[in-house]
Amino acid sequence: MLKGYILAVLLLLATAASAQSDGDQLTALINAYRATPGICQDTPVESMQALTPQARLASVRFKPGLILSAALEDAGYANSKADAISVSGASTLKMAFEIIRKAYCRTLLNATYTDIGSSRDGADWTVVLARPAKPLPSLTFPLWQDAGAAILDGVNAARAAGQVCGDKSFAPAPPLRWNANLGNAALDHSSDMAGKRYFNHVDKDGGNVGDRARHAGYSWSRVAENIAFGSHTPQETVEGWLASPGHCANIMNSDFTEMGAAYAVTTELRTSAIYWTQTFGKPRR
């Protein structure tokens, strides 16, 4: 029954939508499947609402080391949740859809997602499903210095309590001091990421946290950086860093004695494109 249904849909696509791209046709098949999914991994599933095609999602191309949320942000799509499906070696639309349906039916039928983008590059097929981020709320801390001070308080509370970062336990560490130069370095990087819409420790000119700290007037013997985007408050940002082993380890590193932090907002997007930077340092003596 399902095979006959798929063939019928493929025939309709071939005759009525010959100008559509292969990605558009794959999106149409996925929406047809959501309308009458039948069984997913031996479980009956009810009809799902169609996903809205988004060109920005379809523009995402996978490469080694790609961070999906950052790639979507670079494409101008701020999301609250996203997932991606990548299939290689499928020479036809029908083959690609069959592979995706069988292996990823739960993802295709996730009611959380509202948008979709599909693309093809030879025998490689990509499907990105996402839900857009909520409109940007009013920030609790209108001044970046106030937000930085709140991050400092949250970080020092975490250091005082000791933390488990992934599989490594950290004993309590002394509190960090606020350093204005490190704060300016953090603001510079947050503003640069927001203005140029990227998410990386290396800026578009090839500079890193050490370069930024020196440029801000901070002479360091050791320096490090945490970055985040999308969170709406300093507390939410610190919680996200503590939940990530690498970021958490930076927070708990007792070699650092000072820090600065700041946020910046991508003004041309109405969604939650807020970039946060935390810069750690130990001054050179």
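Student: Which element gives the largest share of the lining of the largest pocket?
Tutor: In this predicted model, strand E10 gives the largest share of that lining, 3 residues. The elements that give two or more residues are helix H4 (68-74), strand E4 (79-87) and E10.

Student: What makes a residue part of the lining of the largest pocket?
Tutor: A lining residue has an atom within 4 Å of a pocket point. For the largest pocket, 19 residues line it, and Ser 69, Asn 79, Phe 229, Gly 230 and Ser 231 lie nearest its centre. The volume of this pocket is about 420 Å³.

Student: How many residues of each class are in the lining?
Tutor: The lining has 8 nonpolar, 8 polar and 3 charged residues.

Student: In what order do the 4 strands of the open sheet stand?
Tutor: The order is E9-E11-E12-E10, with mixed pairing.

Student: Why are E9 and E10 said to stand at the edges?
Tutor: Strand E9 (177-178) and strand E10 (220-229) each have a single partner strand, so one side of each has no neighbour in the sheet.

Student: Which helix lies across E10 and E12, running at about 65° to E12?
Tutor: That is helix H9 (residues 234-242). Helix H7 (residues 180-196) lies across E9, E10, E11 and E12, at about 25° to E11.

Definitions and conventions: Residues are numbered from 1 along each chain as its sequence is written. This is a predicted model: local features need pLDDT of at least 70, side-chain atom pairs count only at pLDDT 80 or more; totals for chains, interfaces and linings use all residues. Side-chain values use heavy atoms; hydrogens and water are left out. Two strands pair if DSSP finds at least two bridges between them. Contact means heavy atoms within 4.5 Å. Axes are lines fitted to C-alpha atoms, for helices over the stretch in contact, and angles run from 0 to 180 degrees between N-to-C directions. On a 1 Å grid over the protein atoms alone, a cavity is a set of points where a 1.4 Å probe fits but cannot get out, and a pocket is an open set with protein on both sides within 12 Å along at least five of seven lines; lining residues have an atom within 4 Å of a point. Grid points are joined across faces, edges and corners, and a volume is the space filled by probe spheres set on the points. Ala, Val, Leu, Ile, Met, Phe, Trp, Tyr, Cys and Pro count as nonpolar, Asp, Glu, Lys and Arg as charged, and the others, Gly among them, as polar.
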